[in-house]
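Good morning, colleagues. Please take a moment to look over the sequence and the model before we turn to the details.

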Amino acid sequence: MTTPESTFDLNLYMHALLQEEPFFAAVSRQINKRSTTSIQTAAMAVTEDGFIELLYNPEFMQKMLALGESTKDKHAFTYIRGIIKHEFYHFFFGHLTDRMPEGGISKTWNIAMDLAINCHISDELPPIACIPGHGIFSDIPPFLTSEAYYEMLKKEQEEGGDGSPGRLDDADSLDDHSGFGDGGDTPDET
């Protein structure tokens, strides 16, 4: 469901990002941006007619803006900028197209994709982001591929199959990957 007018205007933050980092400009021009409350956070999606779309929940983005404002060591725009870049990296890394796992997207693959992206922009992300070397992922090395992270997480799940909650039960994804597909090893709850 698309929201009517919102107090959050993505265009202001998109313009600032593109002014500061022109690398993202060429891609941004090719991606439709749509405000919606049908997702909880933000997401990249491929439309039925094959176009790439950045979806964002304006309420979530407003919360991230407020969180950035309340963090003294960050500029208010920092988290919005990080979220936009995170979504674009899904496109750059082929997560929407040619690097889709057989069987579709699962929560484990979601987290693996996020780990592969977030180590590149960790200083711009809100505390809810899954980042190698930080929080519950403090023992995971940075700068690996999504596939490498996936294998690590999958092995960890298999070895810890005692029914106790694992790291992935506590992990929260920065964005919504439900539009990517529907996978098999754990339900997609992000």
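Is Cys130 buried or exposed? Cys130 counts as buried, at 3% relative accessibility, where buried means under 20% relative accessible area, exposed over 50%, and partly exposed in between, with a 1.4 Å probe and protein chains only. Cys119 is likewise buried, with a relative accessible area of 9%. A search of the whole structure returns 0 disulfides, a disulfide being a pair of cysteine sulfur atoms within 2.5 Å.

A word on the basis of these values. This is a predicted model, in which local features need pLDDT of at least 70 and side-chain atom pairs count only at pLDDT 80 or more, while totals for chains, interfaces and linings use all residues. Residues are numbered from 1 along each chain as its sequence is written, and side-chain values use heavy atoms, with hydrogens and water left out.

I turn now to the charged residues. The structure holds 7 salt bridges, each defined as a side-chain nitrogen of Lys or Arg within 4 Å of a carboxyl oxygen of Asp or Glu. One of them pairs Glu21 with Arg81, with the closest N and O atoms 2.2 Å apart. Glu21 sits in the loop between helix H1 (10-20) and helix H2 (23-30), whereas Arg81 belongs to helix H4 (residues 78-92), so the two are 60 residues apart. Helices here are DSSP runs (H or I) of at least four residues, and strands (E) of at least two, numbered from the N terminus. Arg81 is buried, with a relative accessible area of 12%.

Glu21 also forms a salt bridge with Lys85, at 2.9 Å between the closest N and O atoms. This pair again links distant parts of the chain, 64 residues apart. Lys85 is buried too, at 5% relative accessibility.

Which residue of the loop between H5 and H6 pairs with Lys85 of H4? That residue is Glu124, in the loop between helix H5 (107-118) and helix H6 (146-159), and the pair ties together parts 39 residues apart in sequence. Its closest N and O atoms are 2.7 Å apart. Both Glu124 and Lys85 are buried. Through shared partners, salt bridges join Glu20, Glu21, Arg81, Lys85 and Glu124 into one network.

Finally, the helix packing. H4 and H5 pack at an angle of about 110°, with their axes 10 Å apart; axes are lines fitted to C-alpha atoms, for helices over the stretch in contact, and angles run from 0 to 180 degrees between N-to-C directions.
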